[in-house]
Amino acid sequence: MRAQAWGRGAVARLMTPLNHRTAHAWSPHLLRHCSSSSYSTVLPRLRRQFASSSSSPAYSARQNTHTFMEVVQEVLKHGSANGVRAAIRADKKSYSLAQLIAASLDVHNILCSKNMAQNGVQDSVEGKNGTGLLHGARVGIVAKPSPEFVAGVFGTWLSGGVAVPLALSYPEAELLHVVNDSDISMVLSTKEHHEIMKNLSIKCSAYCSLLPSVTSIPSEINPQEPSSNEVTSSVSSLITEINRSKKIKGDDPALILYTSGTTGKPKGVVHTHKGILSQVEFIPKFSVSGIWQRWRESYPKDASKSDEAITVFTGVPTMYTRLLQGYDNMDSDQQSASSYAAKQLRLMMCGSSALPSPLMKRWEEVTGHRLLERYGMTEFVMALSNPLHGIRKEGTVGKPLPRVEAKIIMEDGTETTTGVGELCIRSPSLFKEYWKRPEVTAESFIEGGFFKTGDTVTLDEEGYFIILGRTNADIMKVGGYKLSALEIEAILLEHDTVLECAVLGLPDEAYGEVICAIIVPKEDAKKMAEQDSKPALTLEALTSWSKDKLAPYKIPTRLYLWDSLPRNAMGKVNKKELKKLLGA
Ligand SMILES: Nc1ncnc2c1ncn2[C@@H]1O[C@H](COP(=O)(O)OP(=O)(O)OP(=O)(O)O)[C@@H](O)[C@H]1O
C-alpha cells in the first residue's frame, strides 16, 4: 500500500505490504490487494466495538451480522460513542469511524447523483425513492491505501454496488482488461490518478469521479476520547440510507479481486459480504528503506517503544529478499539498530509463494524471527498456516486455520492422507464465483462445496501441508516421473552462487519434459566470473554439486544464467510465459 493506515488502540499494528489482487503495485495479493485491506481492518474493529458495547442479546445478534451495513447498524445502536475513536491512521493522521462513515455517505451521494445518470452511467442509479441504488453495478476504486479508499469501498457498498480495486501499478493494458472484464461503469479515483483514470474511463465508456477527501481527527482532540456529537448526524443519515436501500444480503457480491495472472489472464474473483466479514488483513506500501525505517522508529535503540509501533508484519518471499539486500547495504550502526528494531515485532509472516530455506534462515539470523509461513489464494485469502505457538516447519505451510477444511484429492477422485494430490479447500471466506465465467466456476468445485486449488500437495508425517506447486506450471513430467519444480528450486537455492532460480519443464521428445533451471547468480559471483572471463556457473559444476542432494532424475539438464527473473506485480514468476519464451 502506498499510505499507511495502521489500526490503533486494541488493534495490533499490522503491516502487510502484500495482498490485493487488484489494487497495487507490488502484489497481486498483497500490494495489489492493499487497498481493500484497509476496509477489512475497519470491519473487525467495528465488530469488536459492537461486542464490547453489547449486552448478551446483542451478542447473539452479532453472530447474525452478514454485511457491513448490518455491523455498522448494530455498532451504532449499541454504542455510537465509539464512532469518534480513531479507526485507522494514515500519514500520521487519525480518522474516526464517524468521519469514514460521513465520507462514505458523500461517496454514496456521488454514485447515486442525478448527475451521474445524466452522464449516461446506467439506469441502475435510478433507485427507490429517487435516491438511486446501483443494483450490483461495479465501481472501480483507484486510491492509495488511505481513508479515501476505505470510504470509496464503504460508499460503494452503501449504494448497493460491488467494489473493484484497481491496481495503481498496472500498465494500461491490464487496467483495461480489469475494467472491461468486470464491466465497471463508474471509476472513483483520488486527485493524483484522476487524469489517467479519466482518459481510461473514456476508453471503457465508464463514468469517472473524484473520491471526496476524508477529514481527519484534529490533533488537539484526544482521538481515544468519545466526546462530541460528531457521530450523530452521519449516523442518522447512514441508518436512513441503509433502511432506504434494498436490503443487501450476506450472499450478495461485495468485492471483485483479480488474481495475479501467474498462470493466465487475471480472473475476477467475486467475494461476498459474508465472506469479507470473516477475514482480517491489512496492507501498507512496500518500500525497503521505508519499512526498515518504520521499524526503527517503532523501536528506537534506547529500548523505548513508540505509541504507533508496528507489531506484526507480513510479506511475500521476494520482499524479504529485498529487505535483506537493503539490510546488507546499511552501515553497521544502522544494521544493528535495524536488527534490534525488527526483533521487537511480535510476529512476521510470509506467504503467496514458496519460502526458500536459505531466506528463512538468514531472516532468522538478522531479525530473530522464524517466519510463519502460510498459504493463501485470491479465492479464499488464507487457508493453511504454520502455528503462532508451536513448531513452524520449514518447507511446509502448516495446517488448516480455524473453520477451514482441507483435503487432498488424487487423480482418480479419491481422498488421500498419505499420497500426493490436489488440495481442495472449504472455508467461510471462500469466494462465490469467477466473474462472468460460470463454466470455470463450475469446474472449480467438487462435491460438498470444496474448491479445487490447482495446487499439488502432500502431507508430512505430522499432518503439515507441503505445497509441491501449481499442477499446471510447477509439476513436471520427466521420463515417467512427476517432479516438483519447487522442491528442486529449494535445493538449488542452497548453492553459494545462486541468488534466485526458476525451474521448469521444457518439452522433449524422448522424456516428455526435461528439467531446465534459470539461475540468477549472486552479484559477487558474477563479478568474479567476469574478471576470470567465465560463466558464474556451468551445467557441469551444477550437476556435480547436485549429485548428493538430488536424485539423478531430478538434476537439471539445461541451465540458463540470467540477470534477473521476470516477476509479476506479486513478485511471482509466470512459468507458462517462460516456457513459451524458451520453447521459441
Ligand atoms: N506459502 C506458499 N507456498 C507456495 N505457494 C504458495 C504459497 N502461498 C500461495 N502460494 C501459491 O499462490 C497461489 C495463489 O496465488 P494467486 O491467488 O495470486 O493466484 P496465482 O496463481 O498467482 O494467479 P492466477 O490464478 O491468476 O494464475 C496458490 O495457488 C499457490 O500456488
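Reply: **One annotated span and its surroundings**

In the span of residues 307-435, the end C-alpha atoms lie 43 Å apart, and 28% of the span is helix and 28% is strand; helices (H or I, at least four residues) and strands (E, at least two) are DSSP runs, numbered from the N terminus. The model is a predicted one, in which local features need pLDDT of at least 70 and side-chain atom pairs count only at pLDDT 80 or more, while totals for chains, interfaces and linings use all residues. Residues are numbered from 1 along each chain as its sequence is written.

The span has a name in a record: an unreviewed UniProt entry carries the annotation "domain: AMP-dependent synthetase/ligase" for residues 132-283 and 307-435.

Consider next how helix α12 (residues 317-328) meets helix α11 (residues 288-298): their axes come within 9 Å and cross at roughly 75°, where an axis is a line fitted to C-alpha atoms, for helices over the stretch in contact, and the angle runs from 0 to 180 degrees between N-to-C directions. The two helices, α11 and α12, are therefore roughly perpendicular to each other, given that angles of 65 to 115 degrees count as roughly perpendicular, under 35 as roughly parallel, over 145 as roughly antiparallel and the rest as oblique. From α11, Val288, Ser289, Ile291 and Trp292 meet Arg322, Leu323 and Gly326 of α12; two residues are in contact if their C-beta atoms, placed from the backbone, lie within 7 Å. The contact of α11 with α12 is made of four nonpolar, two polar and one charged residues, where Ala, Val, Leu, Ile, Met, Phe, Trp, Tyr, Cys and Pro count as nonpolar, Asp, Glu, Lys and Arg as charged, and the others, Gly among them, as polar.

Helix α11 also packs against helix α13 (residues 332-344), at an angle of about 70° and with the axes 8 Å apart, which makes α11 roughly perpendicular to α13. Here Trp292, Trp295, Arg296 and Ser298 of α11 meet Ala337, Ser338, Ala341 and Ala342 of α13, and by class this contact of α11 with α13 has five nonpolar, two polar and one charged residues.

Most residues other than glycine have a negative phi. Valine 381, although not a glycine, has a positive phi of about 65°. Because 28 C-beta neighbours lie inside 10 Å, valine 381 counts as buried; a residue is buried if 20 or more other C-beta atoms, placed from the backbone, lie within 10 Å of its own, exposed if 12 or fewer, and partly exposed in between. Serine 385 is also found in β13, and serine 385 is buried, with 22 other C-beta atoms within 10 Å. Leaving out residues up to four places away in sequence, serine 385 touches Leu372, Arg374, Gly398 and Leu401.

A positive phi also occurs at serine 533, where the value is near 50°. Serine 533 lies in the loop between α17 (523-531) and α18 (539-546) and, with 6 C-beta neighbours inside 10 Å, counts as exposed.

Finally, the whole protein chain contains 19 helices and 26 strands, and buried residues make up 50% of its 584 residues.

Definitions and conventions
UniProt positions renumbered as here; feature names shortened; annotations may be inferred.
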